[in-house]
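My entries follow in the order in which I looked things up.

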Amino acid sequence: MSRSFLAGAASLALAGALLLSPAAQAHKRWLLPSHTVVSQAQWIAVDASVSNDIFDVDRPYPLTALQAVGPDGKPAAIDNRLEGHRRSVFDVQLTQAGSYRLTLPGQSYFLIWQENGEPQRRRGWNGADALLAELPDDAEHVALTETHSRLETFITMGAPNSTALKPSGQGLELQPLTHPNDLYDSESARFRFLVDGEPTEGVEVELVPAGTRYRDSQDHWTLTSDAKGEITIDWPGAGRYYLEAGFADDQPDHPKAQQRRLQYLATFEVLPL
């Protein structure tokens, strides 16, 4: 068996080169609620999909790990989970005044290696060991990257509160300095990014307004978190926006992984003044 694993800076550079930045990735994963701000108790419908065009359904996103947290910090009621051919859907019941957070966490592994001098790559969702077991015996320069992702969106009934927005201290998270359901056209919003609970500089962020299907360009823009982990977003207009943030380090959980890739994806609605 000639299998060899990369180590140190060389593995990080090679794995990083093959893991695309947020702006370069074509397929986006997203949650889209029917409403983000309401005045009375009701059910809210939410779509979950993977697509090239932002908020136009294409492929369903699994709902197995779905979490809904209510204004009191406790789980909120979820009903009618369905994974269709083009999208997944579910309903969330709003019964308390305040803010709700919907989250879909995920984990996968990205494996690269050389076989007969040719680069190979594969992604797996069933654990690192299952992915590594598929390697040929003559694989060389093997590099394993651990990926953690978090899809989120926010809904508020009545006056907003922040209980459901409390960070977990795990992975890449958004800590709103401006409430995510208090966003308005031509106003600025401030968000802080945390990695394992700590404000982190260098988080790369991409923002894309809805409606890419009807434009010749993505009209996206990019930001990078500062020394306090913060970004300031100047909304160019009312509507729905997709945010994708990414960060990489050398702190994976699996002992054979060289790199950890963290992703945070969220949907926001910006209201007219």
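**Entry 1: secondary structure.** I counted elements in the protein chain and got 2 helices and 18 strands. I note here that the model is predicted.

**Entry 2: overall dimensions.** I looked up the radius of gyration of the protein chain, which is 20 Å. A compact globule of 273 residues would have a value near 19 Å, so the two agree. Along the principal axes, the C-alpha atoms fill a box of roughly 65 × 40 × 40 Å.

**Entry 3: burial and surface.** I find that 46% of the 273 residues count as buried. The accessible surface of the protein chain is about 12900 Å². Carbon and sulfur atoms make up 47% of that surface.

**Entry 4: charges.** I counted 23 positive and 36 negative side chains in the protein chain. The centres of the two sets are 3 Å apart.

**Entry 5: the largest nonpolar core.** I find 27 residues in the largest nonpolar core. Leu31, Phe90, Leu94 and Leu102 have the most contacts inside it. Two or more residues each come from β1 (28-33), β3 (42-51), β7 (88-94), β8 (98-115) and β10 (140-157). I noted that β3 gives the most, with 4 residues.

**Entry 6: Phe90.** Which residues does Phe90 touch, not counting residues up to four places away in sequence? I list Leu31, Ile44, Ala45, Val46, Leu63, Leu66, Ile78, Asp79, Asn80, Arg81 and Leu102. Of these partners, I had already noted Leu31 and Leu102 among the residues with the most contacts inside the core.

**Entry 7: Pro176.** I placed Pro176 in strand β11, which covers residues 172-176. Is Pro176 buried or exposed? Its relative accessibility is 18%, and the cut-off for buried is under 20%, so Pro176 counts as buried. Leaving out residues up to four places away in sequence, Pro176 touches Leu165, Arg190 and Phe191.

Definitions and conventions. Residues numbered from 1 in each chain as written. Predicted model: local features only at pLDDT ≥ 70, side-chain atom pairs only at ≥ 80, totals over all residues. Heavy atoms only, no water. Rg over C-alpha atoms; globule rule 2.2 N^0.38 Å. Buried < 20%, exposed > 50% of the residue type's maximum accessible area, 1.4 Å probe, protein only. Areas by Shrake-Rupley, 256 points an atom, 1.4 Å probe, with all protein chains shown as cover. Lys, Arg positive; Asp, Glu negative; His and termini not counted. Charge placed at Lys NZ, Arg CZ, Asp CG, Glu CD. Core = buried A, V, L, I, M, F, W, Y, C linked by side-chain atoms within 4.5 Å. Contact = heavy atoms within 4.5 Å.
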